[in-house]
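Q: I have a sequence and a model open side by side. Please show me how to read the features, one at a time.

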Amino acid sequence: PLSPQFLTVTPEARPHVALVQLNRPKELNALHYNLMLEIAQALEELCANPAVRVIVLTGSERVFAAGADIKFMSERTAVEMLEIDQISLWERIRKTHKPLVAAVSGFALGGGCELSMVCDMVVASETAQFGQPEIRLGIMPGGGGTQRLTRAVGKARAMEMVLTGQPISAQEAADYGLVNRVAPVGQYLEEAYRLAAAIARMSPVAARLAKEAVNRSFETHLDEGLNFERKNFYLTFASEDQKEGMAAFLEKRLPEFKGR
Ligand code: HXC
């Protein structure tokens, strides 16, 4: 196992819940290539760890992530950016098949906002700010900010955010459907753990198939999506967890899911 330089990874932060914490404080968790690579590798390792059912991704109270590393990018040519192709790491993060909860406090800007949107759910602290300020640097979003943001908040709001660079508050993000809930600064991480723990009590097999099906809705038309959903639904009946879940209901007890 690697020991990451810019991340703290705790596989059992809570029962069945792992924590990945961005830890590059001096640069406000600016998403340097190596940091992105470490995130991708950490998530892949946690996906391969059967003790882990849900992953929480967080930064610090001050900053989730202030975006891609501007100092690094300032000297690059287009061809260098293409060769480095940092954004392809997004694809690895997106393939995380375990539920991923972002716990966001402070700045989530540019690539930081995009990182929160690759996660399946977002718990924000009251101080969280979500924005795509790239336009102010003479560039534009490149990690999903024109696509995921638009799907999450709608065209008018996404256009305004992307074209003015003006961030939105945690409460606005909640009203727009970009985040699941807002908690006081002292409690947002606990709130994210609570959400993660609720999911960790479910069948990991069913959770994986359900996550896949929800994500499919962004990729395909309704008929195809419903077909995909139906197949995954039938597939849950191949699991011991389905037998356990239904037996527990009928016996009026809590189920104990094993991920098989
Ligand atoms: C490199 C960064 C940085 C970044 C902050 N820093 N953001 N370094 N890349 N994205 C550095 C600052 O240069 C400074 O270094 C230190 O972190 C503290 O930042 P300050 O600006 O002094 O802090 P503050 O006044 O509190 O302002 C915080 C802030 C501001 C609002 C977050 O730093 C800011 O606007 N940052 C840039 C946000 C941004 O434009 N992000 C989009 C990047 S483009 P020193 O050495 O002076 O102490 C992008 C493209 C994504 O994300 C494409 C997909 C990968």
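A: Start with one pair. Ala 124 has Val 182 in S10 as its bridge partner. S7 and S10 are parallel and share 3 bridges. Helices (H or I, at least four residues) and strands (E, at least two) are DSSP runs, numbered from the N terminus. Two strands pair if DSSP finds at least two bridges between them.

Q: What should I know about the model and its numbering?

A: This is a predicted model: local features need pLDDT of at least 70, side-chain atom pairs count only at pLDDT 80 or more, and totals for chains, interfaces and linings use all residues. Residues are numbered from 1 along each chain as its sequence is written.

Q: In what order do the strands of the open sheet of 6 strands stand?

A: The order is S1-S2-S3-S5-S7-S10, with mixed pairing. Strand S1 (7-14) and strand S10 (181-183) have a single partner strand each, so one side of each lacks a neighbour in the sheet. On average, neighbouring strands are turned by 20° against each other, direction ignored. Axes are lines fitted to C-alpha atoms, for helices over the stretch in contact, and angles run from 0 to 180 degrees between N-to-C directions.

Q: Which strands does helix H1 touch?

A: Helix H1 (residues 33-48) packs on this sheet and touches S1, S2 and S3. The direction of H1 makes about 25° with that of S1. Two residues are in contact if their C-beta atoms, placed from the backbone, lie within 7 Å.

Q: Why is S3 largely enclosed by the rest of the structure?

A: Count neighbours. A residue is buried if 20 or more other C-beta atoms lie within 10 Å of its own, exposed if 12 or fewer, and partly exposed in between; C-beta atoms are placed from the backbone. In S3, 5 of the 5 residues are buried, so the strand is largely enclosed by the rest of the structure.

Q: Which way do the side chains point?

A: Side chains in a regular strand alternate between the two faces of the sheet. From S3, Val 54, Val 56 and Thr 58 point one way, Ile 55 and Leu 57 the other, and all are buried. Strand S5 (residues 100-104) is mostly covered, with 5 of its 5 residues buried. Leu 100, Ala 102 and Val 104 point one way from S5, while Val 101 and Ala 103 point the other way.

Q: What is the strand order in the open sheet of 4 strands?

A: The order is S4-S6-S8-S9, and the pairing is mixed. Strand S6 (residues 107-109) and strand S8 (residues 129-131) pair in the parallel sense over 3 bridges. Ala 108 stands opposite Phe 130 in S8.

Q: Which residues come nearest the ligand?

A: A residue is near a molecule or strand if its C-beta atom, placed from the backbone, lies within 6 Å of it. There are 21 residues around the ligand, and Ala 30, Ala 66, Gly 67, Gly 110 and Gly 143 come nearest. Helix H2 (70-74) and S6 each supply at least two residues of this shell. By class, the shell has 11 nonpolar, 6 polar and 4 charged residues. Ala, Val, Leu, Ile, Met, Phe, Trp, Tyr, Cys and Pro count as nonpolar, Asp, Glu, Lys and Arg as charged, and the others, Gly among them, as polar.

Q: Is Val 153 buried or exposed?

A: Val 153 has 22 C-beta neighbours inside 10 Å, so it counts as buried. Val 153 lies in helix H6 (residues 148-153). Leaving aside neighbours within four places in sequence, its contacts are Ala 158, Tyr 176, Gly 177 and Leu 178.
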